Amino acid sequence: MKQLLILLLSTLFLSANVQQDDVTKQAIVKIYTVAKIPNYQAPWSSSMRSSTGSGAIIEGEYILTNAHVVANQAFLEVQRYGQRKRYIAKVYAVSHQADLALLKVEEKAFFEGVKPLTFGSLPNVEQKIVVYGYPMGGSTLSATIGVVSRVEHHTYAHSGETFLAVQVDAAVNPGNSGGPALSEGKIVGVVMQVISKSQNIGYLVPVNMVLHFIKDMKDRKYDGIADLGLGTQKLENPALRRYYGLDDNISGKLINKVVHKSSFAGALQEGDILTAVDGHNVEDDGTVEFRKHEYTYFHHYVDTYQMGETVGLDIIRDQKPMHVEIMLKHTADDVYLVKTTRYDTMPSYFVYGGYVFSPLTRNLIRSTNRNRLKLSSIASKWQSDDKNEVVVLLKVLASDISRGDNNFGMWAIDKVNGETFKNFKEFYQKMEALKSQYIVLEDNDGVKVVIDKKEAQEKQSEILKKYNIQFDKSIDLRD
C-alpha cells in the first residue's frame, strides 16, 4: 500500500511538471527578422539579411528578446510554440546598451491561451537553469539544462559596454539569442552571447538588468544606463598608496580624470579617492562585494539606478573623508569621443569631389582592419569642450583629380584650412562655407590632403555617376 501511494504521488508530481513545462513552452516565441544592414565602408549602400532568434511572452502582452535579434530590422514576424502561423511584430522598445528589446503584436489572437512568464531573482552560482529557444540544428523548440558558472561584469558584444552578466554552462548556439533562461519556472536571464571557441560558455543578461530596462521604458522613452564619466586607477601599489597617505584600513580607486560632461563634474576632482558607492566599500582592485564572497566591478551599484536618480559616493580628498550625492545625467555616448556601436540608422557621410568623409564610429572601426590600432586608441579617449566627435577621410574614389591620394583611407582629420572643428556637422559646414581655392585637410601629425575646390565641384556629378552613388550626402545632412 505504501509503495502504491509513493508511486501515485510520483505520477501526480510528474504530471504536474509536464503540465508546467507545457505552460512554459507556450510562452516561448521564435522571431524571424529581415534586417537592413548598413555598409560602413560604402555608407550610401546597404544589404538585406534574414535571421532568426528567440523570445518570451511576458506580462503586458510584450515579447522580451535581445536587441541584436531585431537590430536594423526592416520586417519582423513571430511564431508561438506549437503553432505554424506567423504574426507581424513591431519593436516597442529597445536598449542596445543592455542588448534587450520588447516587441508588440497587434493581433490579440497571438496571445490567446498563453500564460506570461514572470521574473525571478538574480541566480546564484551552481543554481540550475533551463534555456529555451530555437537554435541552429533544427526548427523546433530546444531546451538545454545547465548551471550558473559565475556572476560578474562582462563586455556585452552588441554594445561594447560592460555590465553585470551571468555565465552558464548550458549549451547556447546561434538562434538561442533572446530566449529566456528559467529557474523554478521564472526568468532569471536572457540569452545574449557565447564564446564560440569554448566548451559551453554562454552569457545571460541578468534579470536585474531586464527589470531596469522595463522600468526605464515605462514612459516610452529610453534614458539608458548612466556612465560616471570618471577615469580611475587601481590602488594596489604600496608606493602609490603611501603617496596619497592611505593606511591599510582604507581601500578604493584613484580618480585620475573627471570628464567635462561627467555627472560629477564640479563635485569630484582628480586625485580624489573613491572609497564607496551607495554605501558599498570599493576594494583596491576596483570591485565591490554584491553578495557574500562575490565581487564585481564597482559600477554595479551605479547601474542599479535609473537616469535622473541620485547616487552617493564616499571619497577621500586631501586625506579627509567626504560624501557627495549627484544626479545621474549622462550615458557613455555623452562622454566618449567615439560613440558606442550604432544600430537602426544609416551612417552619416558626404562626398566632395570623390573624397568621402564620415564621422568615426565603432561600427566603422569594426568594419575594416585599416588603421585600426590608431583609431581604436582614439575611441578610448574622452570628449572635451572643443571636441566631441572625430571625422575621418573614409576613402578616396579614384579619378583624375585624386591621383596620389588613393592610399588615404580611415584617416583622422584634425584641421580644415588650419581650423579645428567640434564634430562632423561642424566639419561639413566649414567645408561648404570655404571660399578659398584650395581646401587643406590636416591630421595631428601635419600630414596634408589638398583639394582644388573648383575642380572638385566640376567633377562631382561625373564621379558620383561613375561609382553609382545616388546622393552626395546622407539623409541627415540633406535634411
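**Close-up views of a predicted model**

**View 1. R362 lies over the face of Y336, 6.0 Å from the ring centre.** A charge sits over a ring if NZ of Lys or CZ of Arg is within 6 Å of the ring centre and within 35 degrees of the ring normal. This is a predicted model, in which local features need pLDDT of at least 70 and side-chain atom pairs count only at pLDDT 80 or more, while totals for chains, interfaces and linings use all residues. Residues are numbered from 1 along each chain as its sequence is written, and side-chain values use heavy atoms, with hydrogens and water left out.

**View 2. R86 has its charged end over the ring of Y32.** The distance to the centre of the Y32 ring is 3.5 Å.

**View 3. Aromatic pairs.** The whole structure contains 16 aromatic pairs (Phe, Tyr or Trp rings, the six-membered one for Trp, with centres within 6.5 Å). Y156 and F163 are edge-to-face because their ring planes meet at 80°, with the centres 5.4 Å apart. Planes under 30 degrees apart count as stacked, over 60 as edge-to-face and the rest as tilted. Both Y156 and F163 are buried; buried means under 20% relative accessible area, exposed over 50%, and partly exposed in between (1.4 Å probe, protein chains only).

**View 4. One aromatic cluster is formed by F350, F357, F421, F424, F427 and Y428.**

View 5. V130 belongs to strand β8, residues 128-133 (strands are DSSP runs of E, at least two residues, numbered from the N terminus). V130 is partly exposed because its relative accessibility is 23%. Leaving aside residues up to four places away in sequence, V130 touches A143, T144, I145, P180, A181 and L182 (contact means heavy atoms within 4.5 Å).

Terms used
Helix = DSSP H or I, 4+ residues; strand = E, 2+ residues; numbered from the N terminus.
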